Amino acid sequence: MLQIEQLRKSYGTFSLDCSMEIRPGFVTGLIGQNGAGKSTTFKAVLGLITPDSGSIRIFGRDIRELSARERQGLGVVLSDSGFSGYLTIRDIVPVMEQMYEKFDKKFFLEQVRKMGLPERKKIKDFSTGMKVKLKVLAATSHDARLLILDEPTAGLDVVARDELLEILRDFMGKDDERAIIISSHISSDLETLCDDLYMIHEGKIILHEETDVLLSSYAMLKAEERQYASMDKKYILRRRKESFGYSCLTNQMQFYKENYPKLTIEKGTIDDVITMMIRGEAQ
């Protein structure tokens with residue numbers, strides 16, 4: 001669906017160098033701190049910036065060779081873009097009809113009403129959550145095959161986030177040949193939505209894992225100095241010195257449960273993994 005190979009782009013002291021693959025039927029999360037390279041990656045995929053080197057393929061074709069019709073298979077939500085604030089939803093409908101051959105007006109308006117979005121109110125007067133829901137509804141209303149979503153849940157309250165995630169689950173439930181790549185700093189969104197996760201830090205991918213594996217096999221080990229000195233460290237991904245000894249991140253929780261019954265083992269969360277992969281030392 002989307003293949004990124006050794007994509008490189010430099011801005012002053014920042015340098016992006018990443019490879020990723022988004023497969024049909026998958027929701028893939030891209031996680032990382034602000035400035036890690038998430039938006040730069042998305043802009044390169046969309047042709048909004050020119051990479052220094054590397055290749056990007058969408059639907060099996062180089063992005064430079066995609067026709068206008070093929071690009072209609074993309075649904076895009078960027079954090080720093082949207083509809084003109086002086087338009088209303090009623091104004092947007094004919095624009096979408098002109099832009100997309102497969103725009104489903106009936107579905108779009110049904111969802112607008114379901115979400116309680118005002119059809120005749122200017123978008124500049126919408127709340128943050130209303131603006132985001134409108135952008136996501138527009139992206140999912142023209143039979144897109146690949147959704148590219150940059151921080152769509154940022155600034156939303158719990159209810160609005162849940163409504164948004166429901167839209168995305170419905171989108172994926174209609175066709176096994178669809179896919180989503182989504183960036184978010186809200187770990188709970190990624191845990192419940194994504195099939196796999198890429199972690200990017202300072203422009204480089206430092207981890208790729210299936211979400212189920214991350215939640216079932218990753219763990220935080222709390223080891224005293226003596227325990228740490230004697231334990232097998234071949235499955236330790238990162239470590240951090242603590243007052244009691246060491247905190248360690250592992251992707252083989254069961255190994256340490258079976259072989260070190262006296263070791264304190266805590267099930268890992270996405271936040272734990274992010275923190276340790278960025279702040280911890282490599283073993």
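1. Beyond its neighbours within four places in sequence, Met 253 is in contact with Ser 216, Ser 217, Tyr 218, Ala 219, Ile 265 and Lys 267. The residue belongs to helix H10, residues 253–259, in what is a predicted model. Because its relative accessibility is 9%, below the 20% cut-off, Met 253 counts as buried. Thr 211 lies 42 residues from Met 253 in sequence, and their C-alpha atoms are 15 Å apart in space.

2. Helix H6 comprises 16 residues, 158–173. At 1.5 Å a residue these should span 22 Å, and the end C-alpha atoms are 22 Å apart, which agrees.

3. The buried residues of H6 are Ala 160, Arg 161, Leu 164, Leu 165, Ile 167, Leu 168, Phe 171 and Met 172. They cover an arc of only 150 degrees around the axis and are therefore on the same side of H6. An α-helix has 3.6 residues a turn, so residues three or four places apart point the same way. On the other side of H6, Val 158, Val 159 and Gly 173 are exposed.

4. The packing partners of the buried residues of H6 are strands S3 (27–31), S7 (146–150) and S8 (179–183), together with helices H5 (128–139) and H7 (187–193).

5. Strand S1 (residues 2–11) runs antiparallel to strand S2 (residues 14–22), with eight bridges joining them. Within this pairing, Leu 7 stands opposite Cys 18. S1 and S2 form a hairpin with two residues between them, and Gly 12 in the turn has a positive phi of about 55 degrees.

6. S1 is also joined to strand S4 (residues 53–58) by five bridges, again antiparallel. Here Ile 4 has Ile 56 as its bridge partner in S4.

How values were computed:
Residues are numbered from 1 along each chain as its sequence is written. This is a predicted model: local features need pLDDT of at least 70, side-chain atom pairs count only at pLDDT 80 or more; totals for chains, interfaces and linings use all residues. Side-chain values use heavy atoms; hydrogens and water are left out. Two strands pair if DSSP finds at least two bridges between them. Helices (H or I, at least four residues) and strands (E, at least two) are DSSP runs, numbered from the N terminus. Buried means under 20% relative accessible area, exposed over 50%, partly exposed in between (1.4 Å probe, protein chains only). Contact means heavy atoms within 4.5 Å. The expected span of a helix is 1.5 Å times one less than its number of residues. The arc is that of the directions from the helix axis to the C-beta atoms.
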